[in-house]
Amino acid sequence: MENYNGRKVPLKVNRHEVCDILRATTHLFSEFDSESKDPTVSEERRKIAAGSAKYWLDLHDKIKAQLDAFDAINFSDQTN
């Protein structure tokens, strides 16, 4: 049986919405990263926060790479 959660899901969002998603993942990464370094937070919670920060950073980087590839194909003939 195929892993259902491993399937790719085509999303119908525009470029602006993808940028909004990138901003949200940046915010989530930043919050978890800060919590993972906060000495007032328990060691167990800091470890969990560090794992969450890594997850959101990895997801951000994956989305950003796909956006960069999209831009290279769709905007390669345009100058800034």
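User: Where does His-27 lie?
Analyst: His-27 lies in helix H1; helices are DSSP runs of H or I with at least four residues, numbered from the N terminus. Please note that this is a predicted model, in which local features need pLDDT of at least 70, side-chain atom pairs count only at pLDDT 80 or more, and totals for chains, interfaces and linings use all residues. Residues are numbered from 1 along each chain as its sequence is written, and side-chain values use heavy atoms, with hydrogens and water left out.

User: What does His-27 count as at 47% relative accessibility?
Analyst: His-27 counts as partly exposed because its relative accessibility is 47%. Buried means under 20% relative accessible area, exposed means over 50%, and partly exposed lies in between (1.4 Å probe, protein chains only).

User: Changing topic, how many salt bridges does a search of the whole structure find?
Analyst: The search finds 7. A salt bridge is a side-chain nitrogen of Lys or Arg within 4 Å of a carboxyl oxygen of Asp or Glu.

User: Which residue meets Arg-15 in a salt bridge?
Analyst: Its partner is Asp-71, at 2.7 Å from N to O. This pair links distant parts of the chain, with Arg-15 in helix H1 and Asp-71 in helix H2, 56 residues apart.

User: And is Asp-71 buried or exposed?
Analyst: Asp-71 counts as buried, because its relative accessibility is 17%. Arg-15, at 35%, counts as partly exposed.

User: Which residue forms a salt bridge with Glu-35?
Analyst: That residue is Arg-45, and the closest N and O atoms are 2.7 Å apart. Glu-35 lies in helix H1 and Arg-45 in helix H2, so the pair ties together parts that are 10 residues apart in sequence.

User: What about Asp-20 and Arg-23, where do they lie?
Analyst: Both lie in helix H1, 3 residues apart, which is about one turn of the helix.

User: One last point: where does Val-13 lie?
Analyst: Val-13 lies in the segment before helix H1, which spans 15-36. At 38% relative accessibility, Val-13 counts as partly exposed.

Conventions:
Helix = DSSP H or I, 4+ residues; strand = E, 2+ residues; numbered from the N terminus.
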